[in-house]
Amino acid sequence: MAEEKKRRAVATKTAAGIPKFVRGNLSATLKAKEEGKKVAKAFIHDGHDEIMRAMDIVPAWGESFSGVCAAKRDAEKFLQKAESDNFSRSLCTYATCHIGFEMAREEQGGAMPEGAPWGGMGRPDMILGNGQLLCDPRFKWPQALQHYLRDVPVFVTNMYYPPWDPNVDHHEQEKFYVKYCTEELHETVKFCEKVTGKKMDWDRLAAVVDLSDKTWDLFVDTYDLRKAIPTPMDTGDAMNTMVPITFNIGTQEAYDFYVELNNELKEKIAQGIGVADPEKYRLIWAAGLPSWFALNDFQYFNGKGAVFPVEVTYRDHEKIERLDLPKTNDPLERIAWRWVRYWTHWYDAARKIPGSTPKVARIIEYFEDYKCDGVVFHSAFSCRSWHAGIIHQAEVLRKVYKDIPILIMEGDIVDISSYNEADTHNRIDAFIETLEAYRNKQKN
Amino acid sequence: MTGSQNSKGLEKADRYYKQYGERAKELKKEGRKIIGYMSALTPVEILTAAGVAPIRLKGFMDEAVTKGDAYMESIICPFVRSAFDAAVKGRFGFMDGMVLPHQCDSIDRTNEVWSSNLNLPYWHFLNVPHVTGGPSIEFMKEILRVFIGTLEKFLGTKITDTAIAQAIKAHNENRRLMRELYILRKQNPPLISGVEMMKVLVAAMSLPVDESSALIKSVTEEVKKRPAPADGNRKRIMIIGDQIDHIAIPEAIENAGAWLVVDDLSIGVKVYWPEVDETTDPLQGIAERYLRKLKIPTTFVGEGDTYEENLEARFGHLKQRIAEFKVDGAILFIYKYCDPYGFEVPAVKSYIESGGTPVLYLEDEYSTSTLARVKTRIEAFLEMIA
């Protein structure tokens with residue numbers, strides 16, 4: 001067992017309850033068999049959450065498992081296992097860590113590999129993948145995993161949205177994109193019915209989708225409380241509080257979690273309690289998955305008086321009203337519209353800023369609304385899907401805000417070999433100096 | 001290999017290879033619109049039907065990425081970085097526009113980096129699906145219609161079904177001609193070397209389809225006429241990968257004492273074997289070819305009832321090529337940071353090896369500067385299978 005980093009202190013009490021959620025999700029996969037439920041290796045943000053919840057399929061989240069291995073600084077043995085069968089270290093380390101774990105388990109005849117975090121994760125009965133406009137591993141990881149779990153059926157769908165093109169009106173394309181997504185989701189249901197031997201309860205699915213909508217709204221309302229000065233919660237916490245909406249959407253537990261968080265943030269605001277005391281600089285975490293083995297770096301920022309009241313990462317939800325979703329009686333079409341509009345609703349804003357893109361339009365909106373002073377990106381070397389294009393986003397921001405302080409950190413999500421704490425802290429120190437200089441310049 | 005210096009077709013291929021884009025420049029001067037594109041997934045039939053001259057972008061393995069690094073992350077596929085670097089340096093300055101098809105993250109996640117830095121009059125991102133079921137075919141036809149609409153708007157002309165049908169015929173003929181040339185490699189020794197073939201493949205993708213066909217035809221005629229090489233006692237190698245478009249790789253193989261006799265590359269067999277069916281609605285045939293017939297790892301294949309059935313559907317063609325071309329060993333040449341190909345390595349390697357053909361897996365940059373290590377491993381592989 002590798003050295004486990006001292007657990008990160010959290011600013012909110014509610015966030016301290018997150019490990020229970022994560023353990024609960026892992027443990028549900030282990031108990032599924034005795035409860036007569038099927039386990040699906042699945043991906044977040046694929047549109048499959050509500051289908052699984054409505055059919056009592058237990059999701060096994062590979063990204064979460066690998067993230068936990070990374071946070072415990074104990075992923076190396078699984079990364080090496082995958083590497084031993086020629087999976088390159090430059091591939092997505094969420095995937096290679098999880099594949100290495102499954103390879104080890106299969107080699108041991110199904111016995112849980114020693115040191116698997118928090119009891120490990122259950123063997124899947126099916127694998128659900130998804131081709132998207134992002135993330136090749138969402139369909140290559142299932143295929144690669146099946147090489148070792150040959151009896152486990154794989155089903156891959158496509159969930160596309162109209163690509164950004166400043167010269168093409170996306171509104172005209174939305175309908176056929178939604179039609180396509182809806183058809184793909186119906187195919188997913190058929191596959192799940194085949195594997196589980198149970199029919200979809202469409203009323204139950206509709207109720208789960210309604211609950212998800214409510215949770216989206218509550219989540220955004222709750223996160224908007226972080227606009228307060230000083231901010232009562234920063235991204236260090238958000239990398240934990242994203243768990244219910246990311247991995248447990250469509251459940252009452254997820255909704256209840258945000259009720260509790262909402263109440264706590266309101267209390268903190270009423271008492272004027274902030275993450276940093278004093279709060280000197282407000283930053284946006286503008287893109288990039290975090291280094292799960294180095295979440296303490298957020299506290300390092302906090303120690304310098306820098307807080308992150310807002311982040312793009314894992315804030316993959318929006319107020320439902322803002323998405324202006326057309327009415328439909330098909331809950332899958334509802335999911336499809338929500339999915340497509342979630343991406344395209346930034347397009348009109350982007351068109352208003354010459355040279356901008358939807359990603360940048362979103363950063364600008366948050367930057368303004370949350371009264372930020374600087375921008376931080378994280379570039380993870382093994383993940384192209386969230387980390388390609390960061391340089392371009394930074395360049396566009398510089399065109400809009402001129403000499404705005406921007407820091408691009410480099411590392412990985414799981415592979416700690418890419419990380420050097422001293423270098424990272426030195427870069428943060430230099431960035432803080434830049435923020436101070438920028439502020440002084442603004443005053444003058 | 002003898003006689004290549006004086007052979008007209010091979011000489012032309014050599015020139016177009018060395019001065020990539022030379023013909024596009026000439027056509028531009030003659031008033032043709034030049035549209036660049038990336039990847040095997042761009043439906044060139046549509047570009048041909050539109051009357052533009054398509055040219056597939058290549059990288060430059062013997063040039064360091066310099067200017068491109070200011071705009072694009074180093075975690076991107078090194079081939080894409082090289083092609084982008086060449087583009088921002090003005091190597092493809094003759095282009096009026098570009099098409100980027102949705103192949104992989106390295107392409108689609110950099111769409112905005114390309115479009116904003118090149119700032120061409122025409123730009124289109126073609127959102128090709130990763131899956132191939134009925135809904136995906138219908139969706140593919142929709143996005144082809146959008147693509148056609150943007151081209152029509154840019155060019156100010158209508159692209160008719162008749163023109164598309166004619167372009168389909170022309171490209172199918174082009175593919176048939178290239179397959180005829182490949183057949184000359186089945187002999188032992190092959191009548192055309194891997195190095196020469198690489199030049200032909202690269203030259204062909206820089207030309208309008210009729211000129212490309214003429215070039216291939218003339219190369220085939222010349223190669224048939226010249227004396228066969230004497231050295232037939234060499235191992236016969238197949239190379240598998242995406243866009244390998246520099247002679248340094250076939251040279252590394254053939255200078256080590258083997259013949260490169262066939263490939264499964266995205267500028268080679270992958271694009272020249274599958275044809276477009278001549279369907280009543282031409283978009284139906286195009287959608288089916290690009291989604292269901294092209295064997296590239298970014299298209300998910302999984303309709304089989306078992307994993308083994310899916311392996312056959314994904315890689316069965318490799319075993320066919322190995323048998324047809326009497327391959328002694330396969331080299332899997334994958335670029336670093338390539339998730340689509342990288343995640344397939346254990347499956348494809350074990351699949352080929354299960355048929356008794358040894359496989360060398362190499363992961364490398366897109367650069368001649370790192371090839372010394374690769375050459376050593378190729379030499380060791382050839383010794384091993386000797």
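Predicted model: local features only at pLDDT ≥ 70, side-chain atom pairs only at ≥ 80, totals over all residues.
Trainee: What is the strand order of the open sheet in chain B?

Mentor: The sheet has 4 strands, and their pairing is parallel. Neighbouring strands in this sheet are turned against each other by 20° on average, direction ignored. The order is β2-β1-β3-β4.

Trainee: Which strands of chain B stand at the edges of this sheet?

Mentor: An edge strand here has a single partner strand, so one side of that strand is left without a neighbour in the sheet. In chain B this applies to β2 (53-56) and β4 (122-126).

Trainee: Which residue of β4(B) stands opposite B:M98?

Mentor: Strand β3 of chain B covers residues 97-101 and runs parallel to β4(B), with 5 bridges joining them. The residue in β4(B) opposite B:M98 is B:W123.

Trainee: At what angle does helix α7 of chain B run to β4(B)?

Mentor: Helix α7 comprises residues 134-155 and lies across β3 and β4 of chain B. Its angle to β4(B) is about 180°.

Trainee: Which element of chain B gives the most to the side that touches chain A?

Mentor: The contact takes 43 residues from chain B and 47 residues from chain A. On the chain B side, the elements that each supply at least two residues include α6 (111-118), α16 (345-354) and β8 (359-364). The residues of that side divide into 21 nonpolar, 12 polar and 10 charged. The element that gives the most, with 6 residues, is α7(B).

Trainee: Are α8(B) and α10(B) roughly parallel or roughly antiparallel?

Mentor: Helix α8 (residues 161-183) and helix α10 (residues 209-225) of chain B pack at an angle of about 20°, with axes 9 Å apart. Angles under 35 degrees count as roughly parallel. The two helices α8(B) and α10(B) are therefore roughly parallel.

Trainee: How many nonpolar residues are in the contact of α8(B) with α10(B)?

Mentor: The crossing of α8(B) and α10(B) is left-handed. Among the residues that meet are B:L177 and B:L181 in α8(B), and B:I216 and B:V219 in α10(B). Beside 5 polar and 4 charged residues, the number of nonpolar residues in this contact is 7.

Trainee: Is B:T42 buried or exposed?

Mentor: B:T42 is in the loop between β1 (34-37) and α3 (44-49) of chain B. B:T42 touches B:Y37, B:V99, B:P101 and B:L126, leaving aside residues up to four places away in sequence. The cut-off for a buried residue is 20 or more other C-beta atoms within 10 Å. With 24 such atoms within 10 Å, B:T42 is buried.

Technical notes
Residues numbered from 1 in each chain as written. Chains lettered and ligands numbered in written order. Pairing = 2+ DSSP bridges. Axes fitted to C-alpha atoms, helices over the stretch in contact; angles between N-to-C directions. Contact = placed C-beta atoms within 7 Å. Parallel < 35°, antiparallel > 145°, perpendicular 65-115°, else oblique. Left-handed = near helix turned anticlockwise from the far one by under 90°. Nonpolar A, V, L, I, M, F, W, Y, C, P; charged D, E, K, R; others polar. Buried ≥ 20, exposed ≤ 12 C-beta atoms within 10 Å, placed from the backbone.
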